[in-house]
Amino acid sequence: MVPLKPADAIIISLVIAFAVVSFTFLPKSAGEKFVVTHDGKIILEGELSKDSEYSINGSLGQMKLLVKDGKISVVKSNCPRKLCIKRGSISKQGDSIICVPNRVIITIQGKGEIDGVTG
Ligand SMILES: [Zn+2]
């Protein structure tokens with residue numbers, strides 16, 4: 001096991017905090033869009049309703065994401081353990097796929113999740 005770098009630890013704690021908030025305050029409902037971050041920066045956002053393939057760049061190189069039937073999954077990644085691929089597809093608000101070696105996080109968001117209640 002390689003020890004976690006501080007940046008990884010920060011990313012993981014952010015994700016955990018986000019997940020806890022989601023579980024505590026929000027009903028688990030179908031997501032609307034996905035957000036992909038690399039090193040904490042948003043590199044891709046998209047709709048789950050549109051079937052598509054995306055190529056993104058993680059710390060280890062290119063990754064391929066597949067959006068199909070309202071779900072997103074990692075289909076290609078050169079990380080050693082391929083945990084992000086084994087995670088399968090996600091579709092529910094607050095769900096996430098984390099690829100620690102690539103420093104990539106894919107998170108599902110729902111309607112007005114972060115901006116609060118509108119109307
Ligand atoms: Zn991975």
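Two strands are taken to pair if DSSP finds at least two bridges between them. Helices (H or I, at least four residues) and strands (E, at least two) are DSSP runs, numbered from the N terminus. The model is a predicted one: local features need pLDDT of at least 70, side-chain atom pairs count only at pLDDT 80 or more, and totals for chains, interfaces and linings use all residues. Residue numbers start from 1 along each chain as its sequence is written.

The chain holds two helices and seven strands. From the N terminus on, the order of elements is α-β-β-β-β-β-α-β-β. Of the 119 residues in the chain, 24% are buried. A residue is buried if 20 or more other C-beta atoms lie within 10 Å of its own, exposed if 12 or fewer, and partly exposed in between, with C-beta atoms placed from the backbone. Contacts require C-beta atoms, placed from the backbone, within 7 Å. Among contacts between residues at least 6 apart in sequence, 42% join residues at least 24 apart.

Three strands form an open sheet, ordered β3-β4-β5, with antiparallel pairing. β3 (52–58) and β5 stand at the edges, each with a single partner strand, so one side of each has no neighbour in the sheet. From one strand to the next, the twist averages 30°. Angles of this kind run from 0 to 180 degrees between N-to-C directions, and the axes are lines fitted to C-alpha atoms, for helices over the stretch in contact. Five bridges join β4 and β5 in the antiparallel sense. Lys68 has Lys71, in β5, as its bridge partner.

Strand β7 pairs with β1 and with β6. The β1 pairing is antiparallel and spans six bridges. Here, His38 is bridged to Val104 of β7. The β6 pairing is also antiparallel, over four bridges. Ser96 has Thr107 of β7 as its bridge partner. Five of the six residues of β7 are buried, so the strand is largely enclosed by the rest of the structure.

Ile105 is part of β7. It counts as buried because it has 23 C-beta neighbours inside 10 Å. Leaving out residues up to four places away in sequence, Ile105 touches Ile11, Val15, Thr37, Ser96 and Ile98. Ile105 and Val15 are 90 residues apart in sequence, yet 8.4 Å apart in space, C-alpha to C-alpha.

The largest nonpolar core has 17 residues. Such a core is a set of buried Ala, Val, Leu, Ile, Met, Phe, Trp, Tyr and Cys residues joined through C-beta atoms within 7 Å. Those with the most contacts inside the core are Phe34, Leu65, Ile72, Val74, Ile97, Val104 and Ile106. Two or more residues each come from β1 (33–38), β4 (61–68), β5 (71–76), β6 (96–99) and β7 (104–109). The largest share, four residues, is that of β7. In soluble globular proteins, nonpolar side chains tend to be buried together. Beyond its neighbours within four places in sequence, Val74 is in contact with Met63, Leu65, Cys84, Ile85, Ile97 and Cys99.

Two loop residues have a positive phi. Lys82 has a phi of about 55° although it is not a glycine. This residue is found in the loop between β5 and α2 (83–86). Lys82 counts as partly exposed, with 14 C-beta neighbours inside 10 Å. Arg103 is not a glycine either, and its positive phi is about 55°. The hairpin of β6 and β7, to which Arg103 belongs, has four residues between the strands. Arg103 is partly exposed, with 19 other C-beta atoms within 10 Å.

How values were computed:
Contact = placed C-beta atoms within 7 Å.
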